[in-house]
Amino acid sequence: MKPKRTQKIKWSPELAYAVGLISADGCLSIDRRHINFTSKDIKLLKTFKKCLGLRNKIGRKSSGKSSEKKYYQVQFGDVIFYRWLNEIGLTPHKSKTIGKLKIPNKYFFDFLRGNFDGDGYFYSYWDKRWKSSFMFYTIFSSASRTFIEWLRKRIKTSLEIKGYIVQNRKENFWQLKYAKRESRKLLSKLYYSNKIPLLERKYLKIKRAEVEELEDSHP
């Protein structure tokens with residue numbers, strides 16, 4: 001459980017990161033009290049708990065038609081925090097309805113890193129068609145086009161990079177993609193320190209790609 005809240009909720013890098021995770025893989029119960037966060041990565045659950053000062057136990061759950069409990073989850077009750085999440089734009093059944101959120105500019109990239117660690121991904125590959133052939137992409141995903149368009153607008157305003165939006169029609173979700181040049185600029189803002197909350201395996205994957213890019217440019 002979490003200690004009873006006695007102070008006003010204040011933004012911080014840790015809170016913004018946790019909100020980003022909730023925006024991706026979180027769920028607000030219709031009872032207007034409980035918040036749930038689910039992930040396949042138990043380390044991400046532990047980071048989420050630490051960011052919010054939770055003492056709740058991490059449980060297991062299945063998803064869809066499978067009975068195998070592949071996922072980890074943490075659920076907690078906090079009426080004040082729930083109402084605060086409502087005020088910034090998060091609601092129950094948010095998957096396809098989430099839109100613009102009220103995130104302060106100062107903490108936007110902490111929030112964005114949380115959303116990226118929840119629903120985004122990064123991949124790299126060698127394209128033998130080109131001399132400088134190492135390519136990589138940073139991608140954000142959502143079932144809500146409105147949310148993806150809002151992310152793109154906020155990122156463009158902050159960094160003057162455009163990205164591009166595509167739809168996965170088969171699985172019915174949207175992606176915001178940034179190629180190598182724009183990714184460099186974006187990732188430097190997402191990972192402005194190695195002492196901030198983050199998903200380590202994803203961070204290390206990005207760092208390995210940066211090393212490969214350097215080797216590609218200096219054969």
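**Exercise 1. Is Cys51 buried or exposed?**

Solution. Start with the basis: this is a predicted model, where local features need pLDDT of at least 70, side-chain atom pairs count only at pLDDT 80 or more, and totals for chains, interfaces and linings use all residues. Residues are numbered from 1 along each chain as its sequence is written, and side-chain values use heavy atoms, with hydrogens and water left out.

- Step 1: Buried means under 20% relative accessible area, exposed over 50%, and partly exposed in between (1.4 Å probe, protein chains only).
- Step 2: Cys51 sits in helix H2, residues 42–52. Helices (H or I, at least four residues) and strands (E, at least two) are DSSP runs, numbered from the N terminus.
- Step 3: apply the scale. Cys51 has 15% relative accessibility, so it counts as buried.
- Step 4: list the partners. A contact means heavy atoms within 4.5 Å. Leaving aside neighbours within four places in sequence, Cys51 contacts Glu14, Tyr17, Ala18 and Pro197.
- Step 5: check the sequence gap. Pro197 is 146 residues from Cys51 in sequence, yet 7.7 Å away in space, C-alpha to C-alpha.

**Exercise 2. Describe the overall fold of the protein chain.**

Solution. 

- Step 1: count elements. The chain has seven helices and eight strands.
- Step 2: For 219 residues, a compact globule would have a value near 17 Å; the chain has 18 Å, which agrees.
- Step 3: box the chain. Along the principal axes, its C-alpha atoms fill roughly 60 × 40 × 35 Å.
- Step 4: look at burial and contact range. Buried residues make up 46% of the 219. Among contacts between residues at least 6 apart in sequence, 67% join residues at least 24 apart.
- Step 5: Accessible areas come from the Shrake-Rupley method with a 1.4 Å probe; for residues, only the protein chains shown count as cover. The accessible surface is about 12,900 Å², and 49% of it belongs to carbon and sulfur atoms.

**Exercise 3. Which residues touch the most other members of the largest nonpolar core?**

Solution. 

- Step 1: define the set. A nonpolar core is a set of buried Ala, Val, Leu, Ile, Met, Phe, Trp, Tyr and Cys residues joined through side-chain atoms within 4.5 Å.
- Step 2: The largest core has 59 residues, and Phe48, Phe81, Leu85, Phe111, Phe140, Ile155 and Leu186 touch the most other members.
- Step 3: find the main contributor. Helix H1 (residues 13–25) gives the most to this core, with seven residues.
- Step 4: Beyond four places in sequence, Phe48 touches Ala18, Leu21, Ile22, Phe37, Leu54, Val74 and Phe76.

**Exercise 4. Where do Arg32 and Asn172 lie?**

Solution. 

- Step 1: recall the rule. Most residues other than glycine have a negative phi.
- Step 2: take Arg32. Its phi is near 65 degrees, a positive value. Arg32 lies in the loop between strand E1 (26–28) and strand E2 (34–39). At 49% relative accessible area, Arg32 is partly exposed.
- Step 3: take Asn172. Its phi is near 60 degrees, also positive. Asn172 lies in the loop between strand E7 (164–168) and strand E8 (173–178). At 38% relative accessible area, Asn172 is partly exposed.

Methods: The radius of gyration is taken over C-alpha atoms; the globule rule is 2.2 Å times the number of residues to the power 0.38.
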